[in-house]
Amino acid sequence: MPTMRPTRRLTAAALAGLLLVAGCARKGGCTGDYCGTLVIATGGEPDVLLPAVSDRAITRDVTDQLFLKLADLGLSGNTVGDEDFQPLLAERWEWDTPTTLVFHLDPRARWEDGRAVTAADVAFTYDIYTDSLVSSPFRSALRHIAAVTTRDSLTVVFRFRQRYPEMFFDAVYHMRILPSHLLREVPRSQWRSAAFGRAPVGDGPYRFVAWRAGESLELSADSTFFLGRPHLRRLIWRFTPDQQVAVTQLIAGDADAVEVLVTPDNVQRACADAARLSCYPYKGSAYGYLGFNLAAPGDSTKPHPLFGDRELRRALFMTVDRGALLHNVFGDLAKVPPGPMSQLYWIWDPETRELPHDSARAARTLTRLGWTDSDGDGIRDRDAHPLAFRLLVPTTSAVRRQYARLLQEQFRTMGIDVQLDEVDFSVFNERVRGGRFDALINTWNTDPTPSSGISQSWTRAGFGRSNYGRYENPAFERLVDRAVASVASRAEAKRTWRAAIEILNQDAPAIFLFATENVAAVHKRVADVRIRPDAWSALVRTWRIPADRLTDRDRVER
Amino acid sequence: MAAWLVRRLAASIAIVWAVVTLTFVIVHLAHGSPCGQGDGRPVSPETCAALIRRFALDRPIGTQYVKYLGALLRGDLGESLALHRPVADALAEALPNTLTLALTALILDFALGVALGIYQAARERRFGDIALGNAALFVNSMPTFWLGLVLLLLLAQWLRLFPVGGLRDLVLCPRLDSLPCLADFAWHLTLPALTLGLVGAAGTARYQRAALLEVVRQDFVRTARAKGLPERRVLLVHALRNALLPLITLFGLTFPFLLTGAVLVETVFAWPGMGRLAVTAILQRDYPVVTAAALIASVMVVLGNLLADALYGVADPRIRVRAT
């Protein structure tokens, strides 16, 4: 009978022991309602935990747990007036005059170091967000606020330059209040590299514990949080190279939650695991489009030889079967937008008039414009110039690359030659900013209001900024200005917005392809999961793991 | 010996300088702007302008280079454009992870490769040799990232024998301060190290087999056999030492391969090392991090080759004599 030599037996025993130890979780002692640990897998990583200088979604997700706003959106997502806004640092507010808003801070609010949160912190925060040296990405969103002053240690006054429907939203939504006593000495030009940004001290429901670059970030609940102790004791963000890897980690059981499952296939896989995961659909904040450059590439003073022609753009729009493309790429995880808007916008109206998908009409228009296939090569031409253009796409987006190929094929059937320029995001960004493209597939992530996004991307105000295709129409802009400033009723503002969007749709500066519908997945043991579409984890402090669903990993003490 | 060492060190510094200079020029001349965010969105024109002003990216490349070299000589690697922190801090966190991965893979590569090579040489042209030779060729032909994906799919996702990525169990082992946590770390390290090590081991086995077969036909081995020494002793004691010289050359070549391979493997296995840091930095045009990563990698390669040269002297005294 074969026997093992002593050394081999020893090696085998050591290996077995190692595996046993590795497989054993340490039993912990936490019991009750405040023991949960949530591991969130994510494809991004914050650059710095200072909300004034970063608008990355993942930075927002983390800093929302560390720093409070004065008030925040309710689940309805309303941005007009102050209806449904939820008090956070401010326990109440009132309007002194139509352009003067007074907030009364909650006296129970404390920074992690024990100091009270004061009106001076709010004024300091406004000063930081609007300082050109700090160069906050939110600076332009605060342009209608003339001043923020203190009346006493718990009363702060916002004065606006003019009256408009989203004054309250602008006052509370963009700024997370920062501790002036800890940040006052940081030179304004060096805010982005301040040490505070890697070990922040906040006033929110969670406290910073550790940030391991490239790997994870951990927060622990503040058991004394004045708005109620968070049920989940620990939040851990696990950073992965991209969102697909994050989903893989969730499905493999290495994480408890992901913000978005990205593809229909992932949704099917994750949501099919009903014993372990729950899926939560919510409105997405992104919309994507094929945008035409209305100016000559690299020379914004001249019109584009093709896309300067409105009729040609309209014909191209009518060529594309947006519904079929969307079904192919997203399945049910997106909608065809009725204009330049994400599903978050309250102006979303499926009845908005758009150009139809009508390939016969598109073909007639092209022929009428003189674009015919005179040499029988399958590509329309005019004056010996083929009807051809290049489509700029970033390689970092699988969705956009997929769309590009499908669009290329749809245009080919109409006799239009589209060549794809697939470049990495840095090059895409550089070329787009310089106007060096014929057409591009772009995506915008929007905040909940159309007021800033549409103006920046589709009016003259966005030239040199986000209006890459340099679309302009004075009639459209007049209506946008009227809708933004309308203080009548929300219904009236919505009608004005719709009229504006219909003008834009008729001009076809872009083909609006998709507006995302997100699906988050969270481990089944987590209860009371509520997701606010504009910031999916904003309400995580109210999520909980009931005592009878706790696992050893939730209970473990460290 | 001292003169040789000085000559080698001077050559090494020149190589590192050349690599750094080339990297600096290439990344600065490459198309693309650092004004994009990690999550694929552009920053505002104002923020972009502030970034360019702050890091003097609007200056001529020559001016930037001189400034960079001056800082480098003072030991300052600069500040990351995207991470908003000193590059040295970012590298200090990532480098140990990459070295752990690369050294584990190196040990696996040579331990497995040498063992397989010896086994094959001892059974020349028999079934075991032929089967292992073909298997080694197959594995050696695989791209590292592809093997990583296959192992990930098979052993982590389907069979659930290993974690799908990361460095550790974030809940139970936030620090490596206990035996269970060290074991957990080893468990997380297994697949990425196996991916890197297996491909190398397949190549090493082929080298080792060829080297050993060449040595066993020499007179001193025949003499050892004629003296009646057991075959195992002939192979492992007399022949193997003389067959190790080509492996030392291979060691010098393997180290750079492991470092470059780690770039892909770290991405596949979400391993927070220098490779992942460098890839992200390249995509974001984070010039200081890219240049610093190239600097560190070139220093590693040069050190690996120096070590290989020193090992020649240990393995073959004749080389040591010539070097002096």
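Predicted model: local features only at pLDDT ≥ 70, side-chain atom pairs only at ≥ 80, totals over all residues.
**Ground rules.** I number residues from 1 along each chain as its sequence is written, and letter chains from A and number ligands from 1 in the order in which they are written.

**Confidence, chain A.** I looked up pLDDT, the predictor's confidence in each residue, from 0 to 100. Chain A averages 91, and 94% of the residues score at least 70. Over residues 1-12 of chain A the value is below 50, and I find one contact for this stretch beyond near neighbours in sequence. I count two residues as in contact if their C-beta atoms, placed from the backbone, lie within 7 Å. Residues 23-27 of chain A also stay under 50, with nine contacts beyond four places in sequence.

**Chain B overall.** I find 13 helices and zero strands in chain B. Helices (H or I, at least four residues) and strands (E, at least two) are DSSP runs, numbered from the N terminus. The C-alpha trace of chain B spans about 80 × 55 × 40 Å along its principal axes. Of the 324 residues in chain B, 40% are buried, that is, have 20 or more other C-beta atoms within 10 Å of their own, with C-beta atoms placed from the backbone. Taking contacts in chain B between residues at least 6 apart in sequence, I note that 73% join residues at least 24 apart.

**H7 against H9, chain B.** I checked how H7 (residues 179-215) and H9 (residues 231-243) of chain B pack: the angle is about 120 degrees and the axes are 8 Å apart. Axes are lines fitted to C-alpha atoms, for helices over the stretch in contact, and angles run from 0 to 180 degrees between N-to-C directions. That makes H7(B) oblique to H9(B); the term covers what is left after under 35 degrees (roughly parallel), over 145 (roughly antiparallel) and 65 to 115 (roughly perpendicular). On the H7(B) side I list B:Gln208, B:Ala211, B:Leu212 and B:Val215, and on the H9(B) side B:Ala239, B:Leu240, B:Asn242 and B:Ala243.

**Chain B against chain A.** The contact takes 50 residues from each of chain B and chain A. Among the helices of chain B that each supply at least two residues are H2 (45-54), H4 (87-122) and H11 (274-283). H7(B) gives the most to this side of chain B, with six residues.

How values were computed
Buried ≥ 20, exposed ≤ 12 C-beta atoms within 10 Å, placed from the backbone.
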